[in-house]
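Good morning, and thank you for joining. I would like to talk through the aromatic pairs of one model and a residue beside them. Please look at the sequence and the structure first.

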Amino acid sequence: MAFHQWATFKVDDELFGIDVMQVKEVLRFTEMTPVPGSEHYILGIINLRGNVVTVIDTRRLFGLPDAETGDDTRIIVVEFNDQEVIGLVVDSVDEVVNLPQNEVERAPNVSGDEASRRFVQGVCYNNDLLIILLDLTKMLLSITPDTPDDSAY
């Protein structure tokens with residue numbers, strides 16, 4: 001049976017998962033430099049060992065209410081299209097879980113929000129907790145419109 005590893009995190013009491021292979025590191029929440037004129041979901045940029053990382057507020061991206069950052073707030077730094085890294089601000093980071101691929105179900109159209117539904121590639125239960133599995137590449141492609149779309153897929 002094929003398993004897949006997912007890094008899980010919480011946003012607004014929902015549990016989400018992203019492909020663990022795309023996660024580079026997890027940082028504590030830090031001050032960032034605002035980017036004038038950027039989209040509402042872009043919190044700003046941080047300097048990570050000489051690399052500029054754009055940081056995205058997942059709550060705003062998913063159309064959720066803003067929340068205070070707390071001790072558990074983290075920035076998940078993810079790899080996007082080989083050369084770019086992007087930071088995702090989440091309420092807390094949970095754990096890495098191994099999910100059997102045959103137990104991942106196609107996402108039911110429960111979410112009324114078209115935006116977040118586009119990013120969902122499936123759902124899976126783990127220890128009676130529903131994990132919403134995100135398609136990180138789709139999610140990031142949808143918010144980086146300045147990238148020329150000449151990709152092979």
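Phe 16 and Phe 62 are both buried, where buried means under 20% relative accessible area, exposed over 50% and partly exposed in between, with a 1.4 Å probe and protein chains only. This is a predicted model, in which local features need pLDDT of at least 70 and side-chain atom pairs count only at pLDDT 80 or more, while totals for chains, interfaces and linings use all residues. Residues are numbered from 1 along each chain as its sequence is written, and side-chain values use heavy atoms, with hydrogens and water left out.

The structure contains three aromatic pairs; rings of Phe, Tyr and Trp (its six-membered ring) pair if their centres lie within 6.5 Å, and planes under 30 degrees apart count as stacked, over 60 as edge-to-face and the rest as tilted. For Phe 16 and Phe 62, the ring centres are 5.1 Å apart and the planes stand at 40 degrees, so this pair is tilted. Phe 16 belongs to strand β2 (residues 14-19) and Phe 62 to the loop between α1 (58-61) and β6 (74-80), so the pair ties together parts 46 residues apart in sequence. Helices (H or I, at least four residues) and strands (E, at least two) are DSSP runs, numbered from the N terminus.

Phe 62 also pairs with Phe 119: their centres are 6.3 Å apart and their planes at 45 degrees, so this pair is tilted. Phe 119 sits in helix α2 (residues 114-119), 57 residues from Phe 62. Ring pairs join Phe 9, Phe 16, Phe 62 and Phe 119 into a cluster.

Finally, Met 139, in helix α3 (residues 136-143), is in contact (heavy atoms within 4.5 Å) with residues including Phe 62 and Phe 119, leaving aside neighbours within four places in sequence.
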